[in-house]
Amino acid sequence: MKSASSNRSNAAWKPFALASVLATLSIPALSQVTEQKLEMVTVSSSRFESAEAPIGSTIITAEQIRESGSSSINEAIRKIGGVFGRQNLSGTSDSSLDLRGFGTNSDQNVAVFVDGIRISENELTTAMMSIIPIESVERIEIVRGGSSVLYGEGATGGTIQIITKRSGANTTHGSIVTEVGNLGYQELRASLAKGWDNFSINANLGALRTDNYRDNNDLKQENFSGGMQWASKEGRFGARVDVVRQDSRFAGGLTPEQYQQNPRQTVTPFDFGSIDSERYTLFGERNLGDVQIAAELSHKNKKGDSLYADDFGGKSFGNFNSEVTQFSPRVKYVSNSSAVKNELVVGMDFSDSSRSLDSVYKSTFPDFLSGSNTSQQSAAIYVRDEIRFGKARIAFGARHEKFDQGFENKFDATKNYDTSFSLNAWDLQGSYAITPLVNMFAKAGRSYRVANVDENSYSLNNERLKPQRSNDMELGASIGDDARKITAKIFRHNLSDEIFFNPNFPGPFGMGVNVNLDKTKRQGIELEAGSRLSDSLRLSAIVQHVSAEFRSGPNDGKELVLVPKNIATLRLSWLPGNGQSADVGVQWVDSQRYGSDFNNTCGASIPSYTTLDGRYAIRVGAWEFALVGANLTDKNYYGQAFGDFNSCKNGIYPNTGRAMKFTVRKDF
């Protein structure tokens, strides 16, 4: 019989063996690699468009999204970008995306932007990427690692940039997509874009209904987005609106015994919630020779209500209303000499957010009322200078940001506070092309994040949590071209006062509390590789190894919870060019510590799992028909189990079983 340590050792080498096999397929002797002319992709390496991709970034194009058959942005990021995702507890397609192993608080360590507007919430919720139709996306940029200089707080894990399409001059195009599947899945999406000489408009509609895998996990969602734009060589100006309504039912967590009995059951048959959100955005860019100026102004209003029932016959009714206003002006100056190009960016970010929350707990006892008003204002200035000379790029940036946080308890003034503080970030990045096919790069810097309104509201004794700080480092290299390429990175994040959810403390309604941890670290290796096996076949793989541990305090050297040490994704795409296409992928996720096992004494872990997905499509003129499947082996598994102060193994949230969809798409 093998020991537990032997089993862990055998599990650990799996992703590296996969990477070695793919590397053998991808990277022949460099003299045999034929350099190909790459299609220029416009990216936003400095919050301005540029032909140079951010150092060490992953770019997902509209063509890749279409070929993969992804029906949402979140799905495309997971399938093509290889980003690990945890199933959304509300049943939506907005999985919690985890860059660099931040576990249950991964959402709060990844900053998500749509056309320069931050959509990462100042709450303990996942960024609602589902309100952006996948058909409207031009590209997605994923930058792993600390990015606070350009993007502010909450970017220690990295950033995800979503850039939408611009309508061409004097063109009209659109699409209608219908999807039906098991688990009561029905979705309809429609988009239309019209362009004249300098003016264009676009509109997108979507409606989704699904029962989801578990009982009491129904989801209904409707969304609309649209915009107008005037554009010329001198710049562009426009407006955009995004509206969404979600009605969700919450299946809740299970004990191990309940999971074994029936993973689809619910023990919270009355719990539900709804959200209405509206965002209005104005944007503009102006080219003045060597100087370019740009700005976005947005305002979002979100309101929602919920009901949670407990085991004692009590029910908690809650409602909230939140507002966020953002303004981000910036300027870029580019100077060129015979051998050196210098790009200087100076910008400011202003944000003003507030939320009002009211709840009442009804039981056989008198009603218990609670409520709060929270606010946060921030003002930041940043500067970034990038120099390109010969085969080298060097960039340095710094940011200073001031925060004002306020909390008002509507029924207990002793818990109120109003405080101000400032944080600084910096980074230094560089890359050097040793040959046309070999590129080395390095990054170092400091990033930060601040506790959001939920984390401060549900902390021990309602105390304001300290800001989280991280010292970040990354070294990497890329070898190959578009036909065959492998990228390897090693990274380390040393964190102080990491903000984390701890279910071991019985907080409000027994849900646990948010705390500042003792010093922690994330370090590991990332491998990305791709190879064109033939004109019609492409193989790609992404492997991540993360060691997440405490580095001080009573748990010094212990592993952090809900962080799989190894993740490996392998995909094979078939594009013969005759209207047919197919895509199949397999992902292996290593075991994880249960969410309450901070001292590593639970005696059990969330089991590792392997899932298989696939898609086959055929195009006939303007029509496309596709069959899509996820978890094709119908595996029973779970990737989230928070534990609680009663048992470290409680709070299991099962993942979805086999899900099949048939898709019909018409382009015009």
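**Exercise 1.** Which residues are linked with Arg66 in a network of salt bridges?

*Solution.* Start with the model: it is predicted. The structure holds 45 salt bridges. Next, pick out the network. Arg66, Arg615, Arg619, Glu624, Arg665 and Asp667 are linked in it.

**Exercise 2.** Take the salt bridge between Arg66 and Asp667, and find which parts the pair ties together.

*Solution.* First, the contact. The two side chains meet at 3.1 Å, N to O. That is within the 4 Å cut-off. Second, the location. Arg66 lies in helix 2 (residues 62-68) and Asp667 in strand 34 (residues 659-667), so the bridge joins parts 601 residues apart in sequence. Third, the accessibility. Asp667 has 23% relative accessibility, so this residue counts as partly exposed.

**Exercise 3.** Locate Arg522 and Glu498. Are they buried or exposed?

*Solution.* Begin with the distance. The side chains of Arg522 and Glu498 form a salt bridge at 2.6 Å, N to O. Now place each partner. Arg522 sits in strand 26 (residues 520-532). Glu498 sits in the loop between strand 23 (484-496) and strand 24 (499-502). The pair therefore ties together parts that are 24 residues apart in sequence. Last, classify. Arg522 and Glu498 are both buried, which means under 20% relative accessible area.

**Exercise 4.** Classify the accessibility of Lys565 and of Glu559.

*Solution.* Check the contact. Lys565 and Glu559 meet through their side chains in a salt bridge (3.1 Å, N to O). Then read the accessibilities. Lys565 has 30% relative accessibility, so it counts as partly exposed. Glu559 has a relative accessible area of 25% and is partly exposed.

Notes: Residues numbered from 1 in each chain as written. Predicted model: local features only at pLDDT ≥ 70, side-chain atom pairs only at ≥ 80, totals over all residues. Heavy atoms only, no water. Helix = DSSP H or I, 4+ residues; strand = E, 2+ residues; numbered from the N terminus. Buried < 20%, exposed > 50% of the residue type's maximum accessible area, 1.4 Å probe, protein only.
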